[in-house]
Amino acid sequence: FFLTIDYGLRTIDCLYGYTQLGLNNFGDVVSGFSARSVAMGSTGITTINDASALAINPATIVNITANKMILSVTPSYSLFEEKENLLDITNDNVYFQLTGLGIALPIVRNKFVIGVNNSPVLDYSYKYEYTNVSAETMTKNYDQSIVASGGLRSTDIGFGLKIVDELSVGFSYGLIGGETKREDEDTFYSNNLPSRKLSDALSAKYDGHSARYGVVFNQANYTFGGFYQTPATVKYDITETDTDSNLTTGVSTATKTVYKGDFKYPEKFGFGFSYRFKDKFRTLFAADWERQNWNIFTSVTKTLNGADTNNKRQHPAGYEKTDELKLGLEMWLNDWVPVRCGFRYQEFYKRWNNTVYNWYYRSNIIKEAIPTFYGFSFGTGYVLEKFDIDFGYEFARRSYEESSDRYDEDLQRLVLTTRFRW
């Protein structure tokens, strides 16, 4: 869902994301919850070996290497750069986030493992600054700034159970929640002096739940797996304050609005395959495919300042199914040092049509825009008896055209995971 605020001069869609597409829609879907996973193209349906399995495929949690408990902590550092070519605007953002925190407890080692894990679902972090200057007089027209933070996170509680040596199943229940904030400020100038300021402050709270089912089948050196995540009903409570300030007279007016409703976060499912080669490097190849059905996403604002709206549930135009393809490779140089690399293909859920000129046919044609991240990653790690550490780095790029403008985006992620075993 998204809220639209009309300032009379322009319209701003008030949600957040570390990309401009996420800002104008429903945030950005997070992929990869550990350094090992990120380094291997964010794969994990058959290869995760810590509590973050509960957020991907809970059946793989039985693969943990600990007698009593394993604790995993995953901070991440992200650098995002976007360029709007028509106005020649470059925007840089830097984020720090706790990508994962989890504990897994083997009740019966390699047979029955329970755990809890907290990880992000949607990222709403965003920063943007822009100054518009008159080309004729070289004086300021307006300044624009956007600062947003927070997002949706899920605390997953679940288990993995090995039925027989070849078959494991798992289940996790996710408590989805979080808080987001956004401050949007526009300052307009007259004769190079500030004359009017429009500000919009939003704060939101979310609360919902979902379930995830997983299965893993092992045969010789092959492993197959799959998961299904149910749709989630997430309630929201949004408070918005609009302020219009005349900087010349010093007069300000403020309006506060409270929205309450819910949205249906779409179901998700995926399949994975991995193969362990019989060579001296113990080479592991992994491939994952995931789909999320954003075409069934709906939302409704039920009350506005406490009054019933009688609104009907709506599906945003252009929201379609998304696919992710992930490939990863891991090789062990010795018993304690692995090296990893990967590739990730991730579609965005909003689609639209662009009119482009085809030189071959000498006419305009309609072409669907599908914004897609293409990412390449690598990483390494170090394993000790009771402790290990992993590093993962990813560089991803996405380019798309919208309303005769071209956007180029670069995303870099540096992820660190430490695991303690008892």
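**Labels and the values behind them**

Tutor: A salt bridge joins the side chains of K326 and E290, at 3.1 Å from N to O.

Student: Why is the contact of K326 and E290 called a salt bridge?

Tutor: The term asks for a side-chain nitrogen of Lys or Arg within 4 Å of a carboxyl oxygen of Asp or Glu. K326 and E290 meet at 3.1 Å, N to O, so the pair qualifies. Strands here are DSSP runs of E, at least two residues long, numbered from the N terminus.

Student: What should I know about the model itself?

Tutor: This is a predicted model, where local features need pLDDT of at least 70 and side-chain atom pairs count only at pLDDT 80 or more, while totals for chains, interfaces and linings use all residues. Residues are numbered from 1 along each chain as its sequence is written, and side-chain values use heavy atoms, with hydrogens and water left out.

Student: Are K326 and E290 buried or exposed, and how do you know?

Tutor: Buried means under 20% relative accessible area, exposed means over 50%, and partly exposed is in between (1.4 Å probe, protein chains only). K326 has 3% and E290 has 6%, so both count as buried.

Student: What makes R313 and D262 a salt bridge?

Tutor: Their closest N and O atoms are 2.6 Å apart. The pair links distant parts of the chain, with R313 in the loop between strand 17 (307-308) and strand 18, and D262 in strand 13, 51 residues apart. R313 has a relative accessible area of 36%, so R313 is partly exposed, whereas D262 is at 5% and counts as buried.

Student: How do you know that D237 and K260 belong on the list too?

Tutor: Their side chains meet at 3.9 Å, N to O, which is a salt bridge. D237 lies in strand 12 (residues 232-246) and K260 in strand 13 (residues 251-265), so the pair ties together parts that are 23 residues apart in sequence. D237, at 29%, is partly exposed, and K260, at 41%, is partly exposed.

Student: How many salt bridges does the whole structure hold?

Tutor: A search finds 27. Some are linked in a network that includes R36, D50, E330 and R340.

Student: Why is strand 19 described as largely enclosed?

Tutor: In strand 19 (residues 338-347), 7 of the 10 residues are buried, so the rest of the structure largely encloses this strand.

Student: What makes strand 18 and strand 19 a pair?

Tutor: Two strands pair if DSSP finds at least two bridges between them. Strand 18 (residues 322-332) and strand 19 share 9 bridges and run antiparallel, so they pair. A hairpin of 5 residues joins them, and G328 stands opposite G342 in strand 19.

Student: Which other strand pairs with strand 19?

Tutor: Strand 22 (residues 372-383) does, in the antiparallel sense and over 9 bridges. There F343 stands opposite F376 in strand 22.

Conventions:
Helix = DSSP H or I, 4+ residues; strand = E, 2+ residues; numbered from the N terminus.
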